[in-house]
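Below is a short note for a colleague who has not seen this structure before. Please read the points with the model open alongside.

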Amino acid sequence: MNAIELRELNKSFRLDLKVGRRQALNSLSLTVQPGEIYGFLGPNGAGKTTSIKILVSLLRADSGTATIFGLDPARNETRKRIGYLPESPVFYDQLTGREFLRFCGKLCGMRGPDLETRSTRLLEEVGLGHAGDLQIRRYSKGMNQRVGIAQALLHDPELVILDEPMSGLDPIGRAEVRDLILGLKKRGKTVFFSTHIIPDVEMICDRIGLINRGRMVSEGSVSELLDTREARPIEVLVENVTGAIDGALASEVSTIGAQTLYLVNSDEALHRFVAAVLERRGRLVSVTPRREGLENLVVRLLEQDRVAA
Amino acid sequence: MTAITNIVTIAAQTFTEARRNRVFYSLFLFALVVVLSSIIFTEVTSTTMDRVLKDTGLAAINVFALALTIFAGVGIINREIDRRSIYTVLAKPVSRFGYILGKWLGLVSIILATSTLMFLGLLVVMKIYKTDIQAGIFLGFLGILLEVMVLGAVAVLCSTFTTSFISAFICAAVYFSGHLSTEFLRVVRKSEGARRFIGEAVYYLVPNLERFNFKYNATYDVTVASGTLLAVVLFGVAYAGAALLAAVIVFQRRDFR
């Protein structure tokens with residue numbers, strides 16, 4: 001059974017009379033396997049938070065289905081199995097961090113010494129051991145984020161849904177959250193998180209989904225996405241080529257002495273480019289598939305999606 | 001059982017949040033000063049000392065309870081939606097019905113607790129001035145609590161669908177029209193057709209808050225038949241229940257963008 005399954009999800013919002021409705025999700029489908037870390041990527045307004053809110057039952061989809069472990073997210077039994085961190089979270093600022101965790105724990109059915117022990121341990125784990133008895137209104141943005149992560153993990157849920165968990169954290173905090181997510185995976189938990197910080201995704205995710213304008217643009221493991229043919233431009237170093245080569249076949253990157261480095265975008269273009277080089281009595285020095293970084297890949301896929309639209 | 005625990009947990013959190021708010025302390029101190037200042041009125045009154053004491057004291061408690069209901073109640077839901085603190089709570093295994101009921105209970109509890117403290121202060125002052133403490137004064141206080149319970153439910157209902165400003169406006173309108181509803185009905189019944197129909201509909205929609213006004217009974221120690229009192233209490237509970245039910249229906253349908 002999938003930990004998360006979204007099938008043909010549609011959601012639109014009414015903006016105003018002039019603009020009418022805006023389609024936030026457009027037949028979005030995705031699945032997350034149990035025990036997986038799934039990175040949910042996309043530009044601002046792509047529909048990431050909308051999808052997450054449907055998963056935790058804060059929004060209702062216009063059509064399509066969302067299930068968690070095969071169950072309806074609106075049911076309390078389902079939500080007992082989820083830990084959720086909202087985007088830029090705001091909590092009850094008159095409560096202390098410890099009181100807030102106690103409050104959240106009670107809502108999840110926790111009681112007594114178990115709740116106290118777990119709250120203390122989580123406050124330590126997220127680096128708030130010293131600030132547990134401080135009112136949340138005195139917390140910095142990063143501390144707020146940390147207490148938010150603590151409340152999401154408090155009842156030891158099977159599925160943790162984090163909306164931009166790295167936002168507001170310094171590099172050390174980000175590294176700590178990455179370790180925390182990896183620790184959850186080791187304990188067999190499923191983690192679904194949205195982020196803008198692509199290096200984090202590259203480092204820890206088993207699979208990623210890239211959405212734009214409410215649609216899935218690309219989905220797969222990081223290596224699968226990076227190894228797709230379209231994602232691998234090829235660097236070709238040639239020398240002693242007489243005459244110019246058609247710019248449609250390859251783009252010239254640099255020239256040093258008699259050697260010129262070209263970038264070719266596909267295997268088909270490579271065949272024609274090599275033929276063109278040999279025709280011009282040139283010599284092939286090297287052919288190297290370039291491994292594109294995830295950040296570049298994401299930018300390129302989003303650009304392709306924009307052009308296609 | 002879990003549902004009840006959740007309601008109590010949310011009520012306790014609402015109580016704590018309100019108790020720690022500085023505005024709450026300012027309001028409470030102000031009202032306490034007004035209750036104690038009834039001593040001054042008592043000192044300058046020669047013949048009706050005990051009546052002035054009860055009148056001023058109960059009026060201060062009433063104003064405080066009303067101000068706190070409007071201050072804390074009108075934004076009790078929409079403020080949490082605006083600040084997004086509601087997301088964390090509703091993503092937990094909490095029903096929306098439980099959330100609304102917990103919020104209302106928390107609101108009523110904080111008003112009940114503080115009003116009771118002020119009422120005890122009033123009783124102490126009455127004791128100092130050797131004024132007879134009779135059933136009437138308790139009746140007056142009960143009326144205030146019933147009114148707060150109803151207005152609190154109206155405030156919660158408004159805050160599920162509109163802004164704090166509009167909620168405050170609606171609550172104030174309900175308060176004043178609720179106290180003038182008998183006069184309003186008299187005027188409406190002189191008109192005819194659609195105007196009369198709409199007027200009567202408004203009359204039945206707005207709670208008749210004069211039913212909770214036992215200040216006369218408090219001042220002159222006039223008792224009320226137990227049947228009448230029970231009917232008033234039931235009316236208050238039914239009206240608050242209906243307003244909360246409407247709040248739950250509105251809230252169940254809400255999306256949190």
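**Notes on the two chains**

1. Chain B contains twelve helices and zero strands. Helices here are DSSP runs of H or I with at least four residues, strands are runs of E with at least two, and both are numbered from the N terminus. The model is a predicted one, in which local features need pLDDT of at least 70, side-chain atom pairs count only at pLDDT 80 or more, and totals for chains, interfaces and linings use all residues. Residues are numbered from 1 along each chain as its sequence is written, while chains are lettered from A and ligands numbered from 1 in the order in which they are written.

2. In sequence order, the pattern of chain B is α-α-α-α-α-α-α-α-α-α-α-α. Its radius of gyration is 20 Å, close to the 18 Å that the globule rule gives for 257 residues, so chain B is as compact as a globular protein of that length. The radius is taken over C-alpha atoms, and the rule is 2.2 Å times the number of residues to the power 0.38. The C-alpha trace of chain B spans about 60 × 50 × 35 Å along its principal axes.

3. Of the 257 residues in chain B, 42% count as buried. A residue is buried if 20 or more other C-beta atoms lie within 10 Å of its own, exposed if 12 or fewer, and partly exposed in between, with C-beta atoms placed from the backbone. Taking contacts in chain B between residues at least 6 apart in sequence, 83% join residues at least 24 apart. A contact requires C-beta atoms, placed from the backbone, to lie within 7 Å.

4. Helix α1 of chain B (residues 2–19) has 18 residues, which should span 26 Å at 1.5 Å a residue; its end C-alpha atoms are 25 Å apart, which agrees. The expected span is 1.5 Å times one less than the number of residues. Among the buried residues of α1(B) are Asn6(B), Ile7(B), Gln13(B) and Glu17(B).

5. Helices α7 (residues 135–159) and α12 (residues 226–252) of chain B pack at an angle of about 10 degrees, with their axes 8 Å apart. That makes α7(B) roughly parallel to α12(B). Angles under 35 degrees count as roughly parallel, over 145 as roughly antiparallel, 65 to 115 as roughly perpendicular and the rest as oblique. The axes are lines fitted to C-alpha atoms, for helices over the stretch in contact, and angles run from 0 to 180 degrees between N-to-C directions.

6. Which residues meet where α7(B) and α12(B) touch? From α7(B) they include Leu146(B), Met149(B) and Val150(B), and from α12(B) they include Val232(B), Gly236(B) and Tyr239(B). By class, this contact has 15 nonpolar, one polar and no charged residues. Ala, Val, Leu, Ile, Met, Phe, Trp, Tyr, Cys and Pro count as nonpolar, Asp, Glu, Lys and Arg as charged, and the others, Gly among them, as polar.

7. Ile77(B) sits in the loop between α3 (49–73) and α4 (78–83) of chain B. Is Ile77(B) buried or exposed? With 27 C-beta neighbours inside 10 Å, Ile77(B) counts as buried. Leaving out residues up to four places away in sequence, Ile77(B) touches Lys103(B), Val156(B), Ser159(B) and Thr160(B).

8. Chain A has ten helices and 13 strands. Its radius of gyration is 24 Å, well over the 19 Å that the globule rule gives for 309 residues, so chain A is more spread out than a compact globule. Along the principal axes, the C-alpha atoms of chain A fill a box of roughly 80 × 45 × 40 Å. Of the 309 residues of chain A, 37% count as buried.

9. Two loop residues deserve a look. Most residues other than glycine have a negative phi. Asn240(A), not a glycine, has a positive phi of about 60 degrees and lies in the loop between β10 (234–239) and β11 (251–256) of chain A. Lys130(B) has a positive phi near 55 degrees and is exposed, with 8 other C-beta atoms within 10 Å.

10. Between the chains, 25 residues of chain A are in contact with 24 residues of chain B. On the side of chain A that touches chain B, α3(A) gives the most, with four residues. By class, that side has 16 nonpolar, four polar and five charged residues.

Note on methods: Two residues are in contact if their C-beta atoms, placed from the backbone, lie within 7 Å.
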